[in-house]
Amino acid sequence: MPNKPSLPRRVTAELIGTASLLVVVIGSGIQAASLSRDTGVALVANSLASAIGLGLIITLLGPLSGAHLNPVVTLTAWWARRGGGEGLDAREALAYAAAQTAGAIGGAVLAEAMFGRSPGTFSTQVRDGGHLLVGEVVATAGLVLVIQGFGRIGRPRLIPAAVAAYIAAAIWFTSSGSFANPAGTVGRAFSDSFTGIAPQSLPGFVAAQVLGGVLGLALATLLYGREGGAGTVRGAVTGTAKGVEAQAPVVDTPVADIPRTGPSFEALA
């Protein structure tokens, strides 16, 4: 098995990948809202652009860092290592999460500047209510289950497309819009736009996402058993559109040829 890329290269990939994801999510939201006053039409455009962008980012960066783009996915990889699988140690997980959060904020600021808006303006869109938090739990649990499920059944090459498809769907079927990504959620607080979220709404959303990640991992274990078989590669996704920041897995090369950076969400970029 070839040596995996150095930690600085992997962290850089996570930073750039998460920043790119936020540029796609926020930029397409700003563009869509400016072209149509119909919220439904704007959401269709935003969700499609976000899903397509996410799939491309995961495919491109998955072989480098696993393309987690999402702290929940990274935490899952850390947990897998604790259980004796292949994943990230605590230092690597912290570096990934920090890079993802910094990248998300940078991507949000870049998207705002690109459209001639005031960079760094906090969102005024308050998203509260228990039903929205339930939506985030469902969205994140589903994302983790998709990544884990395809990895454990030996279909890692389908993860990028599956994650992108899931994100596009979850944006519509969850009450919260499926942010499903703590780093992406923080980044979106720096954009007072169609896809933004007010800072005061962050604690509830992030807590719901972490809970959803734990639930998704438990469901994967219940359905497929403990992770571990040779040849399983997972990835993480970071979501998209009006509420999706999911982190997506990516693996387009034979499992044996892919540098492993995390046990259960490796390919999920």
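Let's start in the loop between α2 and α3 (71-82), where Ala-67 has its place. Helices here are DSSP runs of H or I with at least four residues, strands are E runs of at least two, and both are numbered from the N terminus. The phi of Ala-67 is near 45 degrees, a positive value in a residue other than glycine. Most residues other than glycine have a negative phi. At 0% relative accessibility, Ala-67 counts as buried; buried means under 20% relative accessible area, exposed over 50%, and partly exposed in between, with a 1.4 Å probe and protein chains only.

A word on the ground rules before we go further. This is a predicted model, in which local features need pLDDT of at least 70 and side-chain atom pairs count only at pLDDT 80 or more, while totals for chains, interfaces and linings use all residues. Residues are numbered from 1 along each chain as its sequence is written, and side-chain values use heavy atoms, with hydrogens and water left out.

Ser-178 sits in the loop between α6 and α7 (182-188), and at 0% relative accessibility it counts as buried. Keep this loop in mind, as we will come back to it.

Now step back to the whole chain. The protein has eight helices and two strands, and along the sequence they follow the pattern α-α-α-α-α-α-α-α-β-β. Of its 269 residues, 56% count as buried. Among the contacts (heavy atoms within 4.5 Å) with a separation of 6 or more, 81% come from residues 24 or more positions apart. The protein exposes about 10300 Å², and carbon and sulfur atoms supply 67% of that area; accessible areas come from the Shrake-Rupley method with a 1.4 Å probe, and for residues only the protein chains shown count as cover.

What lies inside? In the largest nonpolar core there are 26 residues, of which Leu-54, Leu-143, Val-163, Tyr-166 and Ile-167 touch the most other members. A nonpolar core is a set of buried Ala, Val, Leu, Ile, Met, Phe, Trp, Tyr and Cys residues joined through side-chain atoms within 4.5 Å. Two or more residues of this core come from each of α1 (7-35), α2 (39-65), α5 (130-152) and α6 (159-173), and α6 gives the most, with seven residues. A second, separate core holds 14 residues, including Ile-26, Leu-132, Phe-179 and Ala-183.

Let's follow α5 for a moment. Its end C-alpha atoms are 33 Å apart, which agrees with the 33 Å that its 23 residues should span at 1.5 Å a residue; the expected span is 1.5 Å times one less than the number of residues. Ile-147 lies in this helix and is buried, with a relative accessible area of 0%. Ile-147 and Ile-159 are 12 residues apart in sequence, and their C-alpha atoms are 6.3 Å apart in space. Just after α5, Gly-154 takes a positive phi of about 80 degrees.

The aromatic rings come next. Rings of Phe, Tyr and Trp (its six-membered ring) pair if their centres lie within 6.5 Å; planes under 30 degrees apart count as stacked, over 60 as edge-to-face, and the rest as tilted. By this rule there are four aromatic pairs. One of them joins Tyr-166 and Phe-173 edge-to-face, at 6.0 Å centre to centre with 75 degrees between the planes. Tyr-166 counts as buried at 13% relative accessibility, whereas Phe-173, at 47%, counts as partly exposed.

Phe-179 and Phe-205 have ring centres 5.2 Å apart and planes at 75 degrees, so this pair is edge-to-face. Phe-179 lies in the loop between α6 and α7 and Phe-205 in helix α8, so the pair ties together parts that are 26 residues apart in sequence. Phe-179 is buried at 0% relative accessibility, and Phe-205 is buried at 1%. The charged end of Arg-188 sits over the ring of Phe-179, 3.7 Å from its centre; this description requires NZ of Lys or CZ of Arg within 6 Å of the ring centre and within 35 degrees of the ring normal.

Just after α8, Gly-225 takes a positive phi of about 85 degrees.
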